Amino acid sequence: MANTMTAAKTVKFVVTRQEAPDAKPYTEEFEVPYRPNMNVISALMEIQRNPINATGKQTAPVCWESNCLEEVCGACSMVINGKPRQACSALIDQLEQPIRLEPMKTFPIVRDLVIDRQRMFDSLKRVKAWIPIDGTYDLGPGPRMAETKRQWAYELSKCMTCGVCLEACPNVNDKTSFIGPAPISQVRLFNAHPTGEMNKEERLEALLDDGGIEGCGNSQNCVRSCPKGIPLTTSIAEMNKDTTKLMFKHWFKM
Amino acid sequence: MKRGYFYSRKLHSLLGIIPLGFFILEHMITNYAAYDGGKAAFQDSVKFLNELPLIFFLELFGIWLPLLYHGVYGLYIAYTSRNNVGNYNYGRNIAFMMQRITGVITFIFVTWHLYQTRFQIAIGEVSHEELGTHMNDIVTQPLMFVVYIIGVLAASYHFTNGLWAFLVSWGITVGPRAQKVSSMICTGLFVLMSVLFILSLIGFRSQEFEAAAAAVQQVQSVIG
């Protein structure tokens with residue numbers, strides 16, 4: 001008796017689908033048998049195994065991306081019930097049904113829930129989010145980092161370029177060239193590093209260029225949405241301070 | 001790469017506070033004289049302002065040009081944002097949308113208000129001495145009174161919330177606590193400005209500003 005009741009329990013999904021990058025999006029409903037401790041990824045796997053929609057018709061399995069399954073890689077980011085987040089840490093028991101799955105439309109859509117986050121990696125290159133240590137001889141150890149600084153810098157290093165902050169930001173869209181919150185915070189991270197600090201102006205210069213830090217409109221959705229709890233708005237304000245200082249420095253050096 | 005956006009956005013942010021923020025505060029205090037001290041006090045304030053040296057250039061560089069730039073560039077900023085309060089109904093995101101809505105309302109209101117007052121003075125329809133009476137004519141019409149109340153509320157919100165954003169954009173309030181404290185101060189300023197502006201409008205509705213009363217006063221001063 002109890003067994004049949006569990007078997008009858010299902011999870012309802014409404015998935016926004018799109019067959020190709022410029023195809024028209026449409027929604028398709030699915031009903032997946034419930035299992036305890038399910039997450040959105042395991043439900044999508046179930047649809048993949050048995051690609052039949054809610055009306056009982058055979059359909060193409062839903063495409064999505066995922067990797068680490070422990071919320072550290074950022075690959076499975078999608079809009080779940082209106083909010084962008086990682087599908088792996090979205091537990092079915094904690095979600096309102098029907099569960100609405102949509103791709104993060106701020107990015108180019110490849111297919112169904114798969115998006116192209118290339119712009120995020122391009123941004124990291126643009127702001128030089130690394131520490132140059134190469135030389136023609138052994139440069140020896142760099143300066144030490146103070147423990148108090150390391151503690152907050154570590155929080156910034158948790159960024160997994162998942163794209164959630166860009167999706168939540170009202171100023172990252174097709175009418176602007178705004179780089180988005182994540183790379184601005186990375187400038188703060190690499191400028192905090194004692195060796196990285198030696199090239200700090202190169203990174204700030206990148207934020208002064210068109211589509212840089214000026215695109216922020218202080219809606220602060222980013223800090224509310226970041227799955228890693230990174231203090232993005234503090235980073236942006238700190239970089240506002242540094243870029244403003246650099247601007248005046250340029251003027252007085254002329 | 002190009003830097004045009006950075007400098008134009010920075011200039012937009014600066015002009016909103018200096019000089020436009022100072023101007024709106026000055027304007028509020030001048031108008032409040034109409035409620036506080038009545039017609040005589042208001043006339044004195046208007047006279048004082050118009051007797052400032054180089055008044056034309058003060059108006060040109062302190063009000064008209066900054067207003068034009070801030071207004072037109074602001075419309076562009078409002079156009080480029082994709083408001084998403086539906087999915088993210090957080091306080092600051094609502095303020096972000098309100099900043100753009102009140103900006104557009106203020107732009108329309110200020111254009112209309114400039115035409116109704118400063119432009120009429122420029123073409124010689126109204127003199128500085130008649131301004132109080134002219135305002136009385138306007139705000140005693142119920143519809144115009146409502147329009148002016150909406151206008152001053154929008155302008156006050158846009159300025160005080162813009163002040164909050166200015167402090168962030170120039171890296172003055174960095175951490176969440178500093179931003180929270182500045183947000184409380186800015187909210188207080190918004191309430192104060194709204195009250196003073198609405199009292200000014202009520203002041204202009206009083207009898208002493210009426211055209212008939214003005215005529216009586218004139219006659220009295222001639223006789224008296």
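The model is predicted, and the values below are computed from it. In this model, 44 residues of chain A are in contact with 33 residues of chain B, and the area buried between the two chains is about 3300 Å².

**Interface of chain A and chain B**

- Carbon and sulfur atoms give 51% of the area of about 3300 Å² that is buried between chain A and chain B.
- On the side of chain A, the residues that lose the most area to chain B are Lys175(A), Asp210(A) and Asn218(A), which together account for 18% of what that side buries.
- The rule finds two salt bridges across the interface, and Arg3(B) forms a salt bridge with Glu205(A), in which the closest N and O atoms are 2.8 Å apart.
- Polar contacts across the interface of chain A and chain B number 21 residue pairs, counted where both residues are at pLDDT 80 or more.
- The elements of chain A that give two or more residues to the side touching chain B are strand S4 (83-86) and the helices H5 (164-168), H7 (200-208), H8 (221-225) and H9 (232-253).
- Of these elements, H9(A) gives the most to that side, with 12 residues.
- Sorted by class, the side of chain A that touches chain B has 20 polar, 13 nonpolar and 11 charged residues.

**Paired strands in chain A**

- Along strand S3 (residues 77-80) of chain A, Ser77(A) and Val79(A) point one way while Met78(A) and Ile80(A) point the other way, and all of these residues are buried.
- S3(A) runs antiparallel to S4(A), to which it is joined by four bridges, and Ile80(A) has Lys83(A) in S4(A) as its bridge partner.
- The two strands S3(A) and S4(A) form a hairpin with two residues between them, and Asn81(A) in the turn has a positive phi of about 50 degrees.
- S3(A) is also joined by two bridges to strand S5 (residues 99-102) of chain A, again in an antiparallel arrangement, and here the bridge partner of Val79(A) is Glu102(A).

**Thr106 of chain B**

- Thr106(B) is found in helix H5 (residues 91-116) of chain B, and it counts as buried because its relative accessibility is 12%, where the cut-off for buried is under 20%.
- A polar atom of the side chain of Thr106(B) lies 2.5 Å from the backbone oxygen of Thr102(B).
- Leaving aside residues up to four places away in sequence, Thr106(B) touches Ala154(B), Ala155(B) and His158(B).

Key. Residues are numbered from 1 along each chain as its sequence is written. Chains are lettered from A and ligands numbered from 1 in the order in which they are written. This is a predicted model: local features need pLDDT of at least 70, side-chain atom pairs count only at pLDDT 80 or more; totals for chains, interfaces and linings use all residues. Side-chain values use heavy atoms; hydrogens and water are left out. Contact means heavy atoms within 4.5 Å. Buried area is the accessible area (1.4 Å probe) that two parts lose on being put together, summed over both. A salt bridge is a side-chain nitrogen of Lys or Arg within 4 Å of a carboxyl oxygen of Asp or Glu. A polar contact is a pair of N or O atoms within 3.5 Å; within protein, one must be able to donate a hydrogen and the other to accept it, and residues adjacent in sequence count only if both atoms are side-chain atoms. Ala, Val, Leu, Ile, Met, Phe, Trp, Tyr, Cys and Pro count as nonpolar, Asp, Glu, Lys and Arg as charged, and the others, Gly among them, as polar. Buried means under 20% relative accessible area, exposed over 50%, partly exposed in between (1.4 Å probe, protein chains only). Two strands pair if DSSP finds at least two bridges between them.
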